[in-house]
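Please read this briefing with the sequence and the coordinates open side by side.

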Number of protein chains: 2
Amino acid sequence: MTPDAAREKFTTARSAHLATADSSGTPHLVPIVFALHSNQIAFAIDHKPKRTQNLRRLRNIAQNDRVSVLVDHYDEDWTQLWWSRADGRATISHDPPAQWLTRLTTRYPQYAETPPQGPLVLITVERWQGWSYQAAGHDGVPR
Amino acid sequence: MTPDAAREKFTTARSAHLATADSSGTPHLVPIVFALHSNQIAFAIDHKPKRTQNLRRLRNIAQNDRVSVLVDHYDEDWTQLWWSRADGRATISHDPPAQWLTRLTTRYPQYAETPPQGPLVLITVERWQGWSYQAAGHDGVPR
């Protein structure tokens, strides 16, 4: 799958998975809902219930800005499998740009009543990679 | 969600997401199919097409054995959201124990014709954590 095709796959996904790592290299994983524009991905700390706002994903990004974001499709017919990954660097914005909040609320009606109030994480993608079972015989990339 | 409930959620999932990190702390993400037994999770390098067997997930684990594995459920009704995460340490087995190959092939009929031939990664889980929108108000864990 080409980088352009990998990016296009991202636009079809309603949720993604975010990997961060702390300064000692311990990885951490959470699902996210996100918006994509140009070569940037944003997600927000939102109203979904949390015990604390001192979230490990934010602490990790503050220590180490490298992140990986994955969307994928599982199917019992493995010839239908695909995934797409965005690797890049993240910054935490405590004063989120209005256009990103608009993108998130446009994409997720769930935000209409309770727009995200918390910090917004903005990821600048440095590499798009994708894989599909069907394409991997032709232009597969290393997994 | 209690650690026991988080582990139980894992058994309901057909695929998961694996985060590794290299020695510099750069995270990496791939989907996996897996088997779970006791406090261990295994996945194999299998016949799904790859350009190389020199996979980054294996290189990362060789450098840094800490891994994070996530399963989750997305739903447009966000009150139905949940995820479950296993954090632990991974080892690569080039001579996979027969019982793990049996667990994988039992769980995935897709392996019946082409059992995994490549190395098997065995993760010893040190911490189970789970979250659900509905339970988070009561015993939510930090995300």
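Which residues are buried in helix H2 (residues 56-63) of chain A? They are Arg57(A), Asn60(A) and Ile61(A), where buried means that 20 or more other C-beta atoms, placed from the backbone, lie within 10 Å of a residue's own, exposed means 12 or fewer, and partly exposed means in between. This is a predicted model, in which local features need pLDDT of at least 70 and side-chain atom pairs count only at pLDDT 80 or more, while totals for chains, interfaces and linings use all residues. Residues are numbered from 1 along each chain as its sequence is written, and chains are lettered from A in the order in which they are written.

**Helix H2 of chain A**

- The buried residues of H2(A) pack against strands S1 (16-21), S2 (27-32), S5 (66-73), S6 (82-93) and S7 (120-132) of chain A; helices (H or I, at least four residues) and strands (E, at least two) are DSSP runs, numbered from the N terminus.

**The two chains**

- Chain A is superposed on chain B by a rotation of 180 degrees with 0.0 Å of shift along its axis, at an RMSD of 0.0 Å, using least squares on the C-alpha atoms of residues with pLDDT of at least 70 in both.
- The two copies are therefore related as by a two-fold rotation axis, and the C-alpha of chain A nearest that axis belongs to Gly25(A), 2.0 Å away.
- In all, 41 residues of chain A are in contact with 41 residues of chain B, contact meaning that the C-beta atoms, placed from the backbone, lie within 7 Å.
- On the side of chain A that touches chain B, at least two residues each come from S1, S2, H2, S5, S6 and helix H4 (133-139).
- The copies meet through the same surface, because 100% of the interface residues of chain A are also interface residues in chain B.

- Ile45(A), placed in the loop between strand S4 (40-44) and H2 of chain A, counts as partly exposed because it has 19 C-beta neighbours inside 10 Å.
- Leaving aside neighbours within four places in sequence, Ile45(A) is in contact with Gln53(A), Leu55(A), Pro116(A), Gly118(A) and Pro119(A).
- Lys48(A) is placed in the loop between S4 and H2 of chain A and is partly exposed, with 17 other C-beta atoms within 10 Å.
- Leaving aside neighbours within four places in sequence, Lys48(A) is in contact with Trp78(B), Leu81(B) and Tyr133(B).

Terms used
Two residues are in contact if their C-beta atoms, placed from the backbone, lie within 7 Å.
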